[in-house]
Amino acid sequence: MRKVALFIVCAMVLGGCDKHDPILPGVRDSIFNTSNLNVLNTYVPNVPENLLEYKADDCPYTQKSDNTVWADSRKIFAGFATGNSVAGERAPMCNNGFVYAGLSTGELVKLNPRTRRIVWITDVYSPTNMTGGSSVLDIVAPIQIRGKYVYVGGLGDAFCKVSDTTGTASWCTGIGVEKPFVLTDDVAYVLDTENNLNAIRLRDGAIYWRKPVQKSRTPRYQDKKIIVGSEQFSAETGELLK
């Protein structure tokens, strides 16, 4: 009870306490130590002609703006409601019988819908957002899962590769993400909130190249090109083709 009371006091007085989890009271270490970007300014090797079709598991769950997740009329998760969110629909992701939800508090949660228990929960925001307050940490871009890893980005300046087993981040890159992103076997093509298109190496989160775009649109992959609105970029070099 004392921890809960302390959390409420911190939220009222400071608008968010440094290193405190918005859902579960207690100390939370930052998942990455720097917001500096590692931009290699080099080409992407072995880009595919087109993407292999990936079919996600059917996901019969719904997510509300107050960070609750529902199975029809049965609530399977209740998070910490916050007013610092963006408008728009969002939906949980399902994989191997588990449910994954990105929250407006900047957290990614993995749930067991049968028991309504949290498997793990991890922060998806940069160290500069640890104090909360008026920061918008919302996770609105669709979560993607490939093999043993979950890929997720949020408005709290973080795009992360997270272990599906433990919830531990292998790496995070300090960019804000709102739009859906493109995944190949080796690279994520991510449009950040500053209107830069980033080719991010999945092995370690380094950025092969980043290029400015004119308008914020959902990226598409076709014929070794990344298409953002009316602009087309080489998936290999980032060169603006037209």
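Colleague: Let's begin with the largest pocket: which strands each supply at least two residues of its lining?

Modeller: A pocket here comes from a 1 Å grid over the protein atoms alone: it is an open set of points where a 1.4 Å probe fits, with protein on both sides within 12 Å along at least five of seven lines, and lining residues have an atom within 4 Å of a point. Strands are DSSP runs of E, at least two residues long, numbered from the N terminus. In this predicted model, β8 (144-146), β12 (182-183) and β13 (187-191) each give at least two residues to the lining of the largest pocket.

Colleague: What volume does the largest pocket have?

Modeller: Volume means the space filled by probe spheres set on the points, with grid points joined across faces, edges and corners. The largest pocket comes to about 420 Å³. Its lining has 20 residues, and the closest to the centre are Leu51, Leu52, Leu183, Thr184 and Asp185.

Colleague: How does that lining split by class?

Modeller: Ala, Val, Leu, Ile, Met, Phe, Trp, Tyr, Cys and Pro count as nonpolar, Asp, Glu, Lys and Arg as charged, and the others, Gly among them, as polar. On that scheme the lining has twelve nonpolar, four polar and four charged residues.

Colleague: Before we move on, what are the ground rules for the numbers?

Modeller: Residues are numbered from 1 along each chain as its sequence is written, and side-chain values use heavy atoms, with hydrogens and water left out. As the model is predicted, local features need pLDDT of at least 70 and side-chain atom pairs count only at pLDDT 80 or more, while totals for chains, interfaces and linings use all residues.

Colleague: Fine. Which residues have the most contacts inside the largest nonpolar core?

Modeller: A nonpolar core is a set of buried Ala, Val, Leu, Ile, Met, Phe, Trp, Tyr and Cys residues joined through side-chain atoms within 4.5 Å. Buried means under 20% relative accessible area, exposed over 50%, and partly exposed in between, using a 1.4 Å probe and protein chains only. The largest core has 16 residues, and Val44 and Tyr189 have the most contacts inside it. Two or more residues come from each of β13, β14 (196-201), β15 (207-212) and β17 (225-228). β13 gives the most, with three residues.

Colleague: Now β6: is it mostly covered or open?

Modeller: Covered: six of its six residues are buried. Glu107, Val109 and Leu111 point one way from β6, while Leu108, Lys110 and Asn112 point the other way.

Colleague: And which strands pair with β6?

Modeller: Two strands pair if DSSP finds at least two bridges between them. β5 (98-102) pairs with β6 (107-112) in the antiparallel sense over four bridges, and Val99 has Leu111 as its bridge partner. Six bridges join β6 to β7 (residues 117-123), also antiparallel, with Glu107 partnered by Asp123.

Colleague: What sits in the turns?

Modeller: The β5-β6 hairpin has four residues between its strands, and Gly106 there has a positive phi of about 80°. Thr105 lies in that loop too and is buried at 5% relative accessibility. The Thr105 side chain makes a polar contact with the Glu107 side chain at 2.6 Å. A polar contact is a pair of N or O atoms within 3.5 Å; within protein, one must be able to donate a hydrogen and the other to accept it, and residues adjacent in sequence count only if both atoms are side-chain atoms. In the loop between β6 and β7, Arg116 has a positive phi of about 60° although it is not a glycine, and it is partly exposed at 46%.

Colleague: Where else does a residue other than glycine take a positive phi?

Modeller: Asn67, with phi near 70°, in the loop between β1 and β2. Asn67 is buried, at 1% relative accessible area. Lys64 is found in that loop as well, but is partly exposed at 45%.
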